[in-house]
Amino acid sequence: MLEFMEGSHAVAEIVKRCRPQVIAAYPITPQTHIVEDLAQMVANCEIDAEYITVESEFSALSACLGASAAGSRVYSATTSQGLALMFEVCFNAAGMRQPIVMTIANRSLGAPLSIWNDQQDSISLRDSGWLQFYAEDNQEAADLHMIAYKVCEDHDILLPAFVCFDGFILTHTYEPVALPTQEEVDAYLPAFSPYQRLDAANPLSLGMYATPEYYMEFRYEVDRAMERAKQAFIKAGREFGEQFGRDYSALVEGYRLEDADTALVAMGSICGTAKDAIDEMREHGRKVGLLKIRTYRPFPAQEIADALKDVSTVAVLDKNISLGNGGAVGIEVKTALYGSGAAVYDYIIALGGRDVRKKDIAAIVDLAEKGKGDMFYGLRTEVL
Amino acid sequence: MRELRIHGRGGQGSVTAAELIAFAAFEGGVYAQAFPAFGVERRGAPVQAFVRFSDEKIRLRSQIYEPDYIIVQDPTLIGDVDVFKGMKEGGIAIVNTEKPDFDSRVPEGVRVYTIDATTIALEELGVPITNTTLMGAFAAATGEIKLEPLAHALRSRFSGSMADKNVKAAERAYNQVGGAA
């Protein structure tokens, strides 16, 4: 049954139903409503969790790491500068193979200070060993949390995950969302069964130093787990579809791609606006489609190559920039399509919350079809 | 799809109005989406909030530039802000003002309903907060939401006598604009 609610509230409600045992987070715009809601739920005894109040994001994730290592299902949420402060702990959590789920309310990074949306924060943690899933709308944002716990806690995976949804654009938007009941979530997501746990009776060490004889193998194992996470996500997404009727078994999702000459590639809420723009362009006879990337890590290179094998032009929308070499998604899509013959162009768009309209999407398709790309779109040249 | 843009000042409850109008529309059986013009809110500064209504699932995420409807909470905004900017031909504007002949540049083809929501709010609520009153005016002028789901939305936000007062303020505006529409 659809209910009308704010995106942040939908996420808090679904996290509650995932039964985390320890929550540690530090409030930061635009993530705040999520952790306020969860703190209230803990205070009201609606959720049997310990909520650890901390003085920083570094401590928030450190508390989660310790609690996870002790055998608890844990949850955190952050964004932007908060995630930047967690940088060190992020690498440790992945290296120690702790299945932490953390919501990222995507926001740009300073300087200059900006509270508005882009995806620079999570993208900048690309190499940390966290799985990264991106939601197009608040339904998908809520649903991906259940899938994330299932994938992360799989004993063949044991990696942490970001569930990313666009700050303000989704976090602060009210729209209809179907929330599964507690019983339905319990049926999908069993109680956490730790692979190992810190136990004084059976001591073990995590994250000890590794000499050059061992370090590389640890990174190799994380990379292998990332690769296995593709199948684990597909399986968890299919099971989700069977139970709830919303199928997330695809790492990438095509929209009107069947006969498309030009394909847009994007992640997150911009996909919704792109779909509306594509419908309008289709009415004018333009053969345009969209490939939405749901899992940025692991990166679905083969799935992208398969989905785009028949298109001649590809326009990647990047809400981030790897300064000095273009957008992070574009770089990887170009690698995935190497040798395919398609012309692949990258567009840096919507940094720091700049609004994207249907006409912007159409303008980018025009640019790509004219062979103009690898550029910032929508720069105000008068202030440069 | 129909689109509403609400103009107000920080503290006047524009964002709440957007949420409650969208909630009432959803309760009435359509898809709705409400969101603020995201910013660092300051009391008294011009703000905007947006609502979309559609019979199909809403995917569009941009702000609203060509609204079918606008609500102007504060007449002093006119002049500071081009509240009518981009309005569609045949659009409907609900303006809170005590002067039905208020001076403004109303675009051709836009129907304007004025209502002295401040007086109604002062009489019913005891405070000059006009958002709930204007929701009643919006319902009557546009038909996008019905009075019953609107009252339900207000009662979901307010409780006790405050809920009754807000519902009454909305009903007064509904009847007043309904008589004119």
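**Notes on a two-chain predicted model**

1. Start with the sheet in chain A: 7 strands line up as β3-β2-β4-β5-β7-β6-β12, giving an open sheet with mixed pairing. Two strands pair here if DSSP finds at least two bridges between them; strands (E, at least two residues) and helices (H or I, at least four) are DSSP runs numbered from the N terminus. At the edges stand β3 (50-53) and β12 (295-297) of chain A, each with a single partner strand, so one side of each has no neighbour in the sheet. On average, neighbouring strands of this sheet are turned by 20 degrees against each other, direction ignored.

2. A word on what you're looking at: this is a predicted model, where local features need pLDDT of at least 70, side-chain atom pairs count only at pLDDT 80 or more, and totals for chains, interfaces and linings use all residues. Residues are numbered from 1 along each chain as its sequence is written, while chains are lettered from A and ligands numbered from 1 in the order in which they are written.

3. On confidence, the model scores ipTM 0.96 and pTM 0.97. Chain B averages a pLDDT (the predictor's confidence in each residue, from 0 to 100) of 93, and 97% of its residues score at least 70.

4. Back in the sheet, have a look at β5 (residues 101-106) and β7 (residues 161-166) of chain A: they run parallel and are joined by 6 bridges. Ala105(A) sits opposite Phe165(A) in β7(A).

5. Next, two helices of chain A. The axes of α1 (residues 7-17) and α2 (residues 32-43) of chain A come within 8 Å and cross at roughly 40 degrees. Axes are lines fitted to C-alpha atoms, for helices over the stretch in contact, and angles run from 0 to 180 degrees between N-to-C directions. α1(A) and α2(A) are therefore oblique to each other (under 35 degrees is roughly parallel, over 145 roughly antiparallel, 65 to 115 roughly perpendicular, the rest oblique).

6. Who meets whom? Residues of α1(A), including Val11(A), Ala12(A) and Val15(A), meet residues of α2(A), among them Ile34(A), Leu38(A) and Met41(A); contact means C-beta atoms, placed from the backbone, within 7 Å. By class, this contact has 6 nonpolar, 3 polar and 2 charged residues.

7. Finally, the contact between the chains takes 17 residues from chain B and 19 residues from chain A. On the chain B side, β2(B) gives the most, with 5 residues. By class, that side has 11 nonpolar, 3 polar and 3 charged residues (Ala, Val, Leu, Ile, Met, Phe, Trp, Tyr, Cys and Pro count as nonpolar, Asp, Glu, Lys and Arg as charged, and the others, Gly among them, as polar).

Notes. Contact = placed C-beta atoms within 7 Å.
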